Structures are given as structure tokens and as C-alpha cells.
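Welcome! Try each task before you read its solution.

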Amino acid sequence: MIEAGELRQAESAGATGDSKGRPWVILTLLFILTVVMFIARQALSVMAPVLRTVFHLSNEAYGRIVSALGFGMMTGEFPVGALMDRLGSRLGLTAVITWWSTATGSFALAGSGLSLGLSQFWKGTGECGAYSGGVKTVTHLFEKKDRTLAIGIFNGGSVIGATLAVPVIVYLLQHYGFRVAFLVPSVAGFAWIPLWWFVYGREPKTRVEEAQPAISFPQMLQKSSSWAVILCRFFIGPVMQFYWYWTPSYLYSARHMTMSQIGFLAWIPFLMGDVGGIAGGWAAGVLLRRGVTVRNTRRILMYGSALVCLLSFVVPYTNGIGPVLTILCITIAADNFLSAHMFAAVTDLFPDYQVGRATGLTGIAGGLSGMLFPLLTGVLVDRISYTPVFLFVGLMPLAGTVALFAVGRKYRMLDKPAAAA
């Protein structure tokens with residue numbers, strides 16, 4: 001039996017055995033991995049106008065392909081999260097990224113919409129492990145007051161990847177074809193693996209890990225904290241996925257931009273999203289160091305950014321490419337600001353030895369909504385327009401934030417400043 005005092009000591013021990021620079025070097029590798037993964041993820045969306053022509057896909061059919069990633073993530077999240085808790089970040093991420101890189105390469109062999117969907121599902125079963133492993137690694141290596149910033153940085157790689165993907169994928173598509181555009185991120189994933197293996201080094205150990213009690217899936221579901229983070233990610237997760245997967249198609253079909261114009265301009269909102277993700281982590285660190293409690297820090301920053309996300313309501317009613325891109329910059333930045341806290345909430349509500357499983361649970365929820373929302377998007381776009389979709393993506397961040405604090409009873413006990421915890 002692990003006593004509460006031992007848990008608190010172990011939870012803060014992750015960074016004590018490391019030099020000050022090593023955690024940030026490892027975080028840089030996680031950031032690079034996320035960049036590579038989201039270049040791969042964006043490859044499908046950036047090339048969607050072309051792929052839909054080549055494979056004769058409707059919006060509904062494209063939505064089914066997009067949703068296959070969510071189905072794969074939902075299927076893989078909990079077993080991969082448990083694998084991370086059992087094997088540790090070094091070996092766990094090595095295995096997961098080997099699997100993911102192979103799946104990513106399979107897109108180059110696609111001959112139909114069905115094969116694209118199968119590759120998307122396969123990729124999702126591996127991609128889910130990057131977040132479980134990333135959050136677990138941050139929990140090991142950083143003190144609580146720095147974790148939101150660290151999570152914001154490695155999660156910010158998703159937006160940098162989405163930013164780079166637009167010009168990079170358009171260039172590869174126009175010069176080498178869509179198969180090479182899918183293959184390049186796969187090769188980059190394989191190249192990352194030996195760097196991770198040698199830089200990460202020996203798996204850090206804490207007293208919790210040496211005597212961690214087993215906890216089952218049903219036991220996790222008995223915790224109010226589990227349902228808090230599950231509901232939070234269920235609502236917030238699909239919002240950024242909508243922007244990743246549908247922004248190029250929206251700009252192409254609804255705003256009549258050419259592929260060259262998309263390659264030249266569509267990366268800007270994603271760059272601002274990265275600024276938002278890092279700013280979310282930085283703002284949390286500032287408040288926590290000034291003595292604001294964990295609960296109040298999360299509430300102030302999450303509710304504030306969720307309200308900014310409501311600006312997506314006006315996107316369909318805005319005239320001109322410049323104003324539309326400006327609003328997208330603001331809403332994508334706000335959503336990434338919020339997402340940094342969504343992932344950090346897992347480290348607030350769970351002890352270190354349960355972080356991998358808890359992140360896996362949230363990933364199941366994100367995978368489920370990530371599967372359902374693209375299907376709904378495809379139907380709404382084909383039968384109505386993008387207008388109701390932008391209404392949903394404006395409301396969902398607020399719904400996820402309300403759910404986190406309404407259900408997460410443990411937040412009521414987190415009234416001590418993190419620096420003093």
C-alpha cells in the first residue's frame with residue numbers, strides 16, 4: 001500500500017534525478033515527434049481536394065476516412081496507455097512509433113478510399129501512444145509547476161506540424177505526387193526512433209513505479225476524475241481535428257481558394273495555434289508561481305480561452321479571405337491554449353503511476369468523438385453547409401471545460417498553490 005505522503009514525494013521526484021538540461025532535450029525530441037506526426041496527419045487533409053477527385057469521394061466518404069483515425073485511436077488508447085505505464089516511455093514510444101511509421105508508409109500504397117481508411121485506422125492505433133507516452137514523460141521529468149508549459153510545448157508541435165504541412169505537402173504533391181507526400185513523414189518517423197532511444201537513456205525510476213499497485217479499467221472508471229477528463233477531451237478533442245482536416249477543403253470549396261493559395265496562406269492560422277499552445281503553458285506557470293491555486297489557474301485560463309473559441313460562430317458570415325483567416329488564427333490559438341490545460345488536467349487529477357492509463361482513457365473519448373464528429377461534419381457540409389459545423393466547434397470547448405470542473409470533484413481539494421504542494 002502506498003501512503004499519500006509517499007505519493008506526493010514520488011510525484012515531485014521526477015525531475016530531481018536529472019540535470020536541468022536533460023528534460024528539455026527530451027522535450028525537444030517529443031516536440032519534433034509531434035511535428036512529424038502532424039505533417040503526416042495533415043497530408044490527408046491538405047491533399048483532400050486532389051484525393052477526392054482521384055478516388056471519387058464525397059464529403060461524407062471523406063468524413064468516413066477522417067473518422068477512421070478516431071476509431072483507431074479509440075481502439076488503441078487504453079491498451080497503449082497501459083503499455084506505457086508498464087514498459088516506460090523509452091521502450092514504449094520506440095515500439096509505438098515503429099508501428100505508426102509503418103502505418104503511415106502504407107498510405108503510399110492506397111488504391112481506393114477504402115484503403116485510405118484502413119491505413120488511417122492503423123495509423124490511429126499507433127498515434128494514440130504518442131500522447132500517452134508524451135504526458136507520462138513530462139510527468140516523470142518536470143515538476144508540477146512546469147508541466148503545463150512542457151505539455152504546451154510538445155503539444156504545440158501539432159500546430160507547427162500542421163503549419164509546415166501545408167507548404168511542404170503541396171510542394172511534394174505538385175512535384176512528386178501524392179504517394180511520395182505520404183511516404184516522407186513515414187521515413188521521418190523511422191529516423192526519429194534511434195534519436196529517442198539513445199537520447200532518452202535509462203528509464204527514470206520513482207518510488208511509486210517500484211511498488212505501483214495494479215489498477216484495472218473498471219477501477220479507473222469508478223473515479224470521478226476519470227469521467228471529468230474523459231468528458232473534457234470528448235468535447236474539446238474534435239475541435240482542433242476539424243481545423244486540421246477540414247480547413248483546406250473549406251478554403252478550397254467554400255472560399256474558392258486555389259491549391260497554390262492554400263499552400264501560401266493556410267499555414268498562418270496553424271502557426272498562431274502553436275503560439276496559443278505555448279502561451280497556455282506559460283500563463284499557467286506564471287499564475288502558479290504567483291501562488292494561484294491549481295484549480296483557479298485552470299478555471300481562469302480554460303474558461304477564458306473557451307469563450308474566445310466562440311468567435312468561430314462568425315466565420316461563415318465573414319466576407320474576404322483576410323478577415324476569415326484572422327478569425328481562424330484567433331480561434332485556433334484559443335483552442336490550443338485550452339488544449340494544453342486539457343492534457344495537463346490529467347497530471348492534476350491522477351498520481352504519476354496512473355497517468356498513462358488516464359491519458360489512454362481520455363484518448364478513447366477523443367477517439368470516439370474524433371470518429372463521430374467528422375461523420376457529422378461530412379453530412380452537414382453535403383446537406384446544409386459549413387455554418388452549423390462552425391457553430392458546434394465554437395460551443396464544444398466551453399462544454400468540455402464545464403464538464404471538467406463540474407465532474408472533477410478532486411479539483412475542489414486542489415486549493416494549495418502548486419509551488420507549495
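**Exercise 1.** Decide whether threonine 137 is buried or exposed in this predicted model.

*Solution.* Start with the relative accessible area of threonine 137, which is 1%. Buried means under 20%, so threonine 137 is buried. Finally, look at what surrounds it. Beyond its neighbours within four places in sequence, threonine 137 touches Ile26, Leu30, Ser89, Leu93, Trp196 and Tyr200.

**Exercise 2.** Check whether the span of helix α8 agrees with its number of residues.

*Solution.* Helix α8 covers residues 178-200. Now look along the helix: its buried residues include Trp192, Trp196 and Tyr200. Tryptophan 197, also in α8, is partly exposed at 30%.

**Exercise 3.** Work out how the rings of phenylalanine 178 and phenylalanine 182 are arranged.

*Solution.* First, find how many aromatic pairs there are: the count is 17. One of them, phenylalanine 71 with phenylalanine 121, is tilted, with 5.2 Å between centres and 45 degrees between planes. That pair joins helices α4 and α6, so it ties together parts 50 residues apart in sequence. For phenylalanine 178 and phenylalanine 182, the centres are 6.4 Å apart and the planes stand at 85 degrees, so this pair is edge-to-face. The two residues are 4 apart in α8, which means about one helical turn separates them. Phenylalanine 178 is buried at 12%, and phenylalanine 182 is buried at 2%.

Notes
Residues numbered from 1 in each chain as written. Predicted model: local features only at pLDDT ≥ 70, side-chain atom pairs only at ≥ 80, totals over all residues. Heavy atoms only, no water. Buried < 20%, exposed > 50% of the residue type's maximum accessible area, 1.4 Å probe, protein only. Contact = heavy atoms within 4.5 Å. Expected span 1.5 Å × (residues − 1). Phe/Tyr/Trp six-rings, centres within 6.5 Å; stacked < 30°, edge-to-face > 60°.
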